[in-house]
Amino acid sequence: MNFLPLIEAKRDGRLLTGRFQEIITAFVAGQIPDYQMAAFLMAVYFRGLNRDEVRELTLAMRDSGDRLFFPPDHRPLVDKHSTGGVGDKVSLPLAPLLAALGFRVPMISGRGLGITGGTLDKLESIPGFSTALAAPRIVELVQSLGVVMAGQTDRMVPADKGLYALRDVTGTVPSISLITASILSKKLAEGLQALVLDVKFGVAAFMPDLAQATELAHAMVALGRECGVNTRAVLTNMDRPLGRAAGNWLEVKESVDCLQGRGPADLRELVLTLAAHLQVQTDLAPNLAAGRDRAEKCLASEAPLRKWEEMLTAQGARMAEFHELLELDHLAPVVSEVRAPHGGHVTKCDARVIGEVVRDLGGGRLTKTSVVDPAVGLDLMAAPGETISSGDLLCRVHATDQASASMAVERLAGEAWVIANDPGAPLPPLCAGVIES
Ligand code: URA
């Protein structure tokens with residue numbers, strides 16, 4: 001394929017409607033060199049794609065590899081996707097809750113990169129748990145248990161793998177057209193009926209402000225609906241971390257707390273909200289209040305906790321060992337504390353600083369090939385809105401050695417929290433809006 005005229009066309013702002021199937025087929029077949037595709041992505045970054053172009057690109061990416069097909073069933077096929085955050089472990093309690101509510105949930109998740117954590121990394125801190133499942137096994141587990149949490153197989157949406165790797169090293173990730181195509185191509189390959197998107201905004205999110213997050217949410221919701229998937233987006237604040245723990249194993253512990261009806265209020269709130277939306281989207285509930293009520297009762301019944309255990313067992317987790325680890329206070333060799341230098345009102349806990357510290361402790365990736373340490377991270381984090389006294393705990397640091405613990409403590413003490421004499425303005429809500437069309 002002679003790709004140069006198409007790069008030039010996009011560079012000059014011309015439409016490429018009708019050409020994306022050919023482009024993606026050639027790229028996946030190795031007929032477009034990376035340097036040309038990188039130039040094309042930069043042209044798309046600056047010129048954008050119109051709605052028809054994004055749809056064509058998305059469908060071509062979806063069709064670049066295997067798709068999941070499920071036998072017809074009365075249980076709606078649903079999933080949730082988050083654009084990524086710090087301490088965002090929502091998928092872990094949400095997936096089994098949805099299965100217990102009567103959905104089928106083929107939750108195909110990703111790994112963390114940079115400061116945002118990834119569901120697969122969190123799950124892989126559970127001994128024996130396998131996230132590498134072939135498509136037939138994914139379908140089998142969804143049909144029998146109602147839920148599976150796995151990584152994309154090598155054969156699913158290979159176009160996204162190649163394009164994302166190039167975007168990551170060419171500064172072209174934050175393009176609304178490319179993010180929309182990347183996320184939706186993967187979700188559409190799951191064959192869903194309904195999808196709820198958690199689109200984050202704030203200091204630790206892809207989209208720093210609400211206006212950009214809203215634009216991304218509108219683009220994804222419109223395209224999802226055009227492609228036959230009932231799609232909604234919830235816009236949530238990522239200026240502060242979600243929950244009290246950030247770091248793979250520590251987040252698994254917090255997720256289990258949530259499934260046991262305990263744990264932080266913001267995590268529980270978001271889990272229940274997303275479950276309520278999916279019930280309304282699929283007519284399992286007449287309105288959000290009824291959906292939320294049903295989700296709360298279901299969580300209290302411990303049916304989701306049993307689903308979680310069934311899912312872990314089916315995916316190879318060594319359950320006796322897992323339960324023993326849950327009883328331990330920590331897995332990391334060193335635990336240090338950050339304490340408040342003075343009393344007052346916590347008005348800020350900076351999610352970006354928290355994310356960077358967890359990544360630097362070894363809990364996240366600087367490059368795609370970095371190996372994550374499941375044990376490290378932060379827990380018992382003080383949250384905005386709390387009143388504290390001098391010397392109170394702001395968080396614990398779980399580290400592999402004293403040197404990395406000390407560096408983390410120093411940075412956190414200097415940059416992560418603001419403790420003021422005045423309580424300040426009321427905290428903005430976790431959920432800033434919902435996009436339905
Ligand atoms: N997540 C994805 O899967 N793709 C993007 O482009 C951005 C976030």
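Predicted model: local features only at pLDDT ≥ 70, side-chain atom pairs only at ≥ 80, totals over all residues.
**Note on cavities, cores and domain contacts**

1. The second largest cavity is lined by Phe20, Ile23, Ile24, Met37, Phe40, Leu41, Val44, Leu57, Leu163 and Leu178. The greatest contribution is that of α3, with four residues. By class, the lining of the second largest cavity consists of 10 nonpolar residues, with no polar and no charged ones. The space within the second largest cavity is about 60 Å³.

2. The chain is assigned three stretches: domain 1 (4-62), domain 2 (78-322) and domain 3 (331-420). Between the C-alpha centres of domain 2 and domain 3 there is a distance of 25 Å. In the contact between these two domains, domain 2 takes part with 25 residues and domain 3 with 30 residues. Several of the points below return to this pair of domains.

3. How many cavities of 30 Å³ or more does the count give? The count comes to three cavities of that size. The largest cavity holds about 150 Å³ of space. Its lining is made up of 22 residues, and those nearest the centre of the largest cavity are Ile115, Thr116, Gly117, Val358 and Gly363.

4. At least two of its residues come from each of α6 (119-123), α11 (248-259) and α16 (351-363). Helix α16 provides the largest share, five residues. In the lining of the largest cavity, 12 residues are polar, five are nonpolar and five are charged. Domain 2 (78-322) and domain 3 (331-420) each contribute at least three residues to this lining.

5. The volume of the second largest pocket is about 400 Å³. Its lining comprises 20 residues, of which Leu250, Lys253, Glu254, Asp257 and Arg262 are the closest to the centre of the pocket.

6. The elements behind the lining of the second largest pocket are as follows. Each of α11, α14 (303-314) and α15 (319-327) supplies at least two residues. The largest share of the lining of this pocket, five residues, is that of α11. Charged residues number 10 in the lining of the second largest pocket, alongside seven nonpolar and three polar residues.

7. The largest nonpolar core contains 78 residues, and the members that touch the most others are Trp308, Phe322, Ile354, Leu378, Leu412 and Trp417. Within this core, helix α12 (residues 265-281) gives the most, with seven residues. The core also draws at least three residues from each of domain 2 (78-322) and domain 3 (331-420). In soluble globular proteins, nonpolar side chains tend to be buried together.

8. Apart from neighbours within four places in sequence, Leu412 is in contact with Val338, Ile354, Val357, Leu378, Cys395, Val397 and Trp417.

9. Ile388 belongs to strand β9 (residues 387-388). Is Ile388 buried or exposed? Its relative accessible area is 9%, under the 20% limit, so Ile388 is classed as buried. With residues up to four places away in sequence not counted, Ile388 touches Ala340, Gly343, Gly344, Val346, Leu394 and Ile419. The C-alpha atom of Ile388 is 6.3 Å from that of His345, although the two residues are 43 residues apart along the chain.

10. Lys307 is situated in helix α14. Lys307 is buried because its relative accessible area, 17%, is under 20%. With neighbours within four places in sequence left aside, the contacts of Lys307 are Pro96, Ala99, Ala100, Leu145 and Val147. The helix that carries Lys307, α14, is one of the elements that supply at least two residues to the lining of the second largest pocket.

How values were computed. Residues numbered from 1 in each chain as written. Heavy atoms only, no water. 1 Å grid on protein atoms, 1.4 Å probe; cavity = no way out; pocket = protein on both sides within 12 Å on 5 of 7 lines; lining within 4 Å. Points joined across faces, edges and corners; volume = space filled by probe spheres on them. Nonpolar A, V, L, I, M, F, W, Y, C, P; charged D, E, K, R; others polar. Domains from an automatic or database assignment. Core = buried A, V, L, I, M, F, W, Y, C linked by side-chain atoms within 4.5 Å. Buried < 20%, exposed > 50% of the residue type's maximum accessible area, 1.4 Å probe, protein only. Contact = heavy atoms within 4.5 Å.
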